[in-house]
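Student: I have a new model open and would like to learn how to read it. Could you take me through some of its features, one at a time?

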Amino acid sequence: MFPAQANFSGCGGDRQEYTEIDWKAYMAEVEGVINGTYDYTQLRGDTGPLVYPAGFVYIFMGLYYATSRGTDIRMAQNIFAVLYLATLLLVFLIYHQTCKVPPFVFFFMCCASYRVHSIFVLRLFNDPVAMVLLFLSINLLLAQRWGWGCCFFSLAVSVKMNVLLFAPGLLFLLLTQFGFRGALPKLGICAGLQVVLGLPFLLENPIGYLSRSFDLGRQFLFHWTVNWRFLPEALFLHRAFHLALLTAHLTLLLLFALCRWHRTGESILSLLRDPSKRKIVSTLFTSNFIGICFSRSLHYQFYVWYFHTLPYLLWAMPARWLTHLLRLLVLGLIELSWNTYPSTSCSSAALHICHAVILLQLWLGPQPFPKSTQHSKKAH
């Protein structure tokens with residue numbers, strides 16, 4: 001969320017300073033844990049109660065000490081600048097292994113998004129921390145280190161729940177790689193790490209920890225929405241609308257799993273072995289993107305949830321009618337929508353139109369992995 005004094009409608013060269021939004025709240029929340037409070041219902045900051053899982057607490061506790069109890073903002077910004085560079089490196093490694101995105105697109109990823117730079121270095125949100133762990137997890141999956149990949153995926157979830165949008169794709173990949181019984185140990189890694197990280201809080205108040213850190217029904221404020229500004233506020237807040245979005249989300253995931261993620265000519269029940277690197281990336285990125293499209297609300301810092309995946313989604317599976325120019329136009333309109341503060345009905349509508357174009361070309365475009373059914377040796 002961005003305060004009124006921070007106007008991001010332009011993307012010019014005026015230097016923007018740090019603006020306090022959530023950093024002090026993060027520090028107050030972890031300070032409560034440092035002082036001995038393990039009941040999640042008693043942990044809160046200036047912006048409200050602590051609503052992130054235990055991994056967030058541990059990582060930001062480290063930042064608390066590294067920044068002189070959260071007071072050294074310049075040090076925090078330097079740390080997040082390094083985090084930004086690490087994110088780019090991990091994303092470039094993913095793209096290098098898939099060989100599907102033209103080099104000129106990386107200029108957009110590095111230089112053209114003022115909003116993303118702001119989220120990392122000027123606002124110090126926890127979203128980039130979760131995403132760098134997620135991209136590290138994907139790199140490990142591409143290296144066939146499935147156990148470590150699941151471990152870092154779970155660690156990313158423990159920082160912020162948005163990473164769960166990748167979970168349907170990861171589940172599909174685990175089943176296709178190992179089968180149901182073989183996937184259970186990997187799923188056990190994901191679940192076990194959550195238990196270990198949350199153990200001090202689970203022992204103190206298990207219901208309080210689970211209800212606060214994994215609150216799937218949390219209500220969002222209409223004031224901050226980027227994607228649903230054109231709706232009446234009453235409809236935006238209505239539970240029936242939320243249920244409709246969830247139904248559409250699950251339906252589209254099922255359709256992609258049945259019709260797009262498995263190789264042509266093979267039954268979904270014939271679980272595959274050794275999915276290609278392109279298939280891993282395509283499945284995970286598409287799973288997350290579908291969740292973004294049907295989110296109950298998107299706030300400005302949520303842009304990093306999928307910004308670095310957009311070039312792959314647009315170029316890896318291009319429909320013939322989507323030229324390079326049109327793809328760049330889609331990227332530009334998405335960037336403009338996220339840079340409009342406060343959001344308007346037009347900016348929200350433009351964002352949905354761009355999302356619809358990407359979804360349509362993901363559905364109609366060629367599969368980004370070979371149709372060959374030749375199996376290689378299963379990774380350990």
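Tutor: Let's begin with a helix pair: helix α14 (residues 324-338) and helix α15 (residues 345-364) pack at an angle of about 145 degrees, and their axes are 9 Å apart. Axes here are lines fitted to C-alpha atoms, for helices over the stretch in contact, and angles run from 0 to 180 degrees between N-to-C directions. α14 passes α15 in a left-handed crossing; a crossing is left-handed if the near helix is turned anticlockwise from the far one by less than a right angle, and right-handed if clockwise.

Student: Which residues make the contact between α14 and α15?

Tutor: Contact means heavy atoms within 4.5 Å. From α14 come Val330, Leu333, Ile334, Ser337 and Trp338, and from α15 come Ser347, Ala350, Leu351, Cys354, Val357 and Ile358. By class, that contact has nine nonpolar, two polar and no charged residues. For the classes, Ala, Val, Leu, Ile, Met, Phe, Trp, Tyr, Cys and Pro count as nonpolar, Asp, Glu, Lys and Arg as charged, and the others, Gly among them, as polar.

Student: Before we go on, what kind of model is this, and how are residues numbered?

Tutor: This is a predicted model, in which local features need pLDDT of at least 70, side-chain atom pairs count only at pLDDT 80 or more, and totals for chains, interfaces and linings use all residues. Residues are numbered from 1 along each chain as its sequence is written, and side-chain values use heavy atoms, with hydrogens and water left out.

Student: How many helices and strands does the protein chain have?

Tutor: The protein chain has 15 helices and two strands. Helices (H or I, at least four residues) and strands (E, at least two) are DSSP runs, numbered from the N terminus. Of the 380 residues of the protein chain, 55% count as buried. Buried means under 20% relative accessible area, exposed over 50%, and partly exposed in between (1.4 Å probe, protein chains only). Among contacts between residues at least 6 apart in sequence, 77% join residues at least 24 apart.

Student: How far does a helix such as α1 reach?

Tutor: The expected span of a helix is 1.5 Å times one less than its number of residues. Helix α1 (residues 23-34) has twelve residues and reaches 16 Å from first C-alpha to last, close to the expected 16 Å. α3 has 26 residues and reaches 38 Å, close to the 38 Å expected.

Student: Which residues of α1 are buried, and what do they pack against?

Tutor: Trp23, Ala25, Tyr26, Met27, Glu29, Val30, Gly32 and Val33 are buried. Their packing partners are β1 (44-45), β2 (48-49), α2 (54-66), α3 (73-98) and α8 (167-204).

Student: What should I look for in the backbone angles?

Tutor: Most residues other than glycine have a negative phi, and most peptide bonds are trans. After α1 comes Gly36, with a positive phi near 105 degrees. Ser68, in the loop between α2 and α3, has a positive phi of about 55 degrees although it is not a glycine. The peptide bond from Tyr341 to Pro342 is cis, with omega near -10 degrees, and Pro342 lies in the loop between α14 and α15.

Student: Why does Ser68 count as partly exposed, and why does Cys99 count as exposed?

Tutor: Ser68 is partly exposed because its relative accessible area is 45%. Cys99 counts as exposed because its relative accessibility is 57%.

Student: How many disulfides are there?

Tutor: A disulfide is a pair of cysteine sulfur atoms within 2.5 Å, and a search of the whole structure finds zero. Cys190 is in no disulfide; the nearest cysteine sulfur, that of Cys150, is 4.3 Å away. Cys190 is buried, with a relative accessible area of 15%.

Student: Could we finish with one side chain? Is Phe285 buried or exposed?

Tutor: Phe285, in helix α12 (residues 277-293), counts as buried at 1% relative accessibility. Not counting residues up to four places away in sequence, Phe285 touches Ile94, Tyr95, Phe135, Ile138, Phe166, Thr309, Tyr312 and Leu313. Phe285 and Leu313 are 28 residues apart in sequence and 7.3 Å apart in space, C-alpha to C-alpha.
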